[in-house]
Amino acid sequence: MNRTLIYHIDNSDINSTCNHLTIGTFLKQKGFSHPLMVHLKKTPESILLNGVWSYVNTKLSAQDVLEVHIVEEESSENIPPTKISLEAFREMIVYEDDDILLVNKPAGLPVHPSMGHHEDTLANYCAYYYQELCENSVTGGFVFRCVNRLDKDTSGLVLIAKNMLSSAVLSGQQLNRQIHRTYQAIVTGITPKCGTIDLPIARKEGSVLERCIDYDKGEKAITHYKQIAHTDSHSLLEIHLETGRTHQIRVHMKAIGHPLPGDFLYHPDFTHIKRQALHSYRLEFVHPITGKEISFTQEIPEDFKVFDFSYASVI
């Protein structure tokens, strides 16, 4: 989506580079990635210095006003807008501003289109939502840029970058492990009070979906967990990921003998719940534009409550 940012250059910006601050250097300091810089160079009048179209090697001075226009005309290919009630979509929205969208994804909703789910995904619904907003002066194409991907049957918080800059900054945070994800999961059995699982994960041979512990071919995967409550047969855990491998929590908990109920791949016991009992509970990160540290929490879904834990000590 299109985004305009205005920067007022002051003495501290200039002094930090010994009086040799260029537009390109300044923008890189603000998180502009190389692909985004290339995009700006190719777009006429995307960079204005004191109202005049300028190049990235132009030198900045104190009191300058730098205007950057990020223009996106094309939308995501292969993600057609799929009609959804705007009221229903807004009910999923936890937070939204010009740069990020945070939604509470229900279980059963895929994030991205895939085989068997070409038009009934969060991406399709987002495309429709912003297509409708375009009629009310929101301009530019919509490219779906999901920061933290969840499995179809995992519920909870999903963070979406709304423009090229917020995507670049949040991708950098993700790479540097600065986006902190907390999950809540119900597992079979009574776990230790806390623990760390450090077991490598790889795709299971002969399977498109399934993952497994593989000491020879697996990628490093680390999961930290803390028990919040338990019944005679299940434990409620708070889980922090140090890495982000596909199916990491599901594979790791099965590996230590505490699989998630309702998991059709790793523990297909649907006695209590019809999907894996996993919920993206909290996201903590730095806002890509303001630089402010923010945290969002989404309470556990209704289908978790059938396990009858004492929630007074959890939420």
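User: Quick one to start: in strand 13, what is the bridge partner of Ile 197?

Analyst: The bridge partner of Ile 197 in strand 13 is Thr 223; helices (H or I, at least four residues) and strands (E, at least two) are DSSP runs numbered from the N terminus. This is a predicted model, in which local features need pLDDT of at least 70 and side-chain atom pairs count only at pLDDT 80 or more, while totals for chains, interfaces and linings use all residues. Residues are numbered from 1 along each chain as its sequence is written, and side-chain values use heavy atoms, with hydrogens and water left out.

User: How many bridges join strand 10 to strand 13?

Analyst: Strand 10 (residues 194-198) and strand 13 (residues 222-230) run antiparallel and are joined by five bridges; two strands pair if DSSP finds at least two bridges between them.

User: And what does strand 13 do with strand 14?

Analyst: Strand 13 and strand 14 run antiparallel, with seven bridges joining them, and they form a hairpin that has three residues between the strands. Within this pairing, His 224 stands opposite His 240 in strand 14.

User: Switching to the open sheet, in what order do its four strands come?

Analyst: The order is 1-4-2-3, with antiparallel pairing, and the edge strands, each pairing on one side only, are strand 1 (3-8) and strand 3 (52-53). Strand 1 pairs with strand 4 (residues 65-70) over six bridges, and Leu 5 stands opposite Val 68 in strand 4. Strand 2 (residues 47-49) pairs with strand 3 over two bridges, where Leu 49 stands opposite Val 52.

User: Which residues of strand 1 are on the covered face, and which on the uncovered one?

Analyst: Arg 3, Leu 5 and Tyr 7 make up the covered face of strand 1, whereas Thr 4, Ile 6 and His 8 make up the uncovered one. In a regular strand the side chains alternate between the two faces of the sheet.

User: Which residues touch the most other members in the largest nonpolar core?

Analyst: That core has 36 residues, and those that touch the most other members are Phe 89, Leu 122, Cys 126, Phe 144, Ile 239 and Ile 249. A nonpolar core here is a set of buried Ala, Val, Leu, Ile, Met, Phe, Trp, Tyr and Cys residues joined through side-chain atoms within 4.5 Å, and buried means under 20% relative accessible area, with a 1.4 Å probe and protein chains only. The elements that give two or more residues to this core include helix 4 (86-92), helix 5 (122-134) and helix 7 (248-255), and helix 5 gives the most, with nine residues. Apart from this core lies another, of 22 residues, among them Tyr 7, Ile 9, Leu 27 and Leu 36.

User: What is Phe 144 in contact with?

Analyst: Leaving aside neighbours within four places in sequence, Phe 144 is in contact (heavy atoms within 4.5 Å) with Ser 76, Ile 79, Val 111, His 112, Leu 122, Ala 123, Cys 126 and Ile 160.

User: Back to helix 7: why is it largely enclosed?

Analyst: Helix 7 is largely enclosed by the rest of the structure because six of its eight residues are buried, namely Gln 248, Ile 249, Arg 250, Val 251, His 252 and Met 253. Gly 257, whose phi is positive, near 85°, follows helix 7.

Key: Buried means under 20% relative accessible area, exposed over 50%, partly exposed in between (1.4 Å probe, protein chains only).
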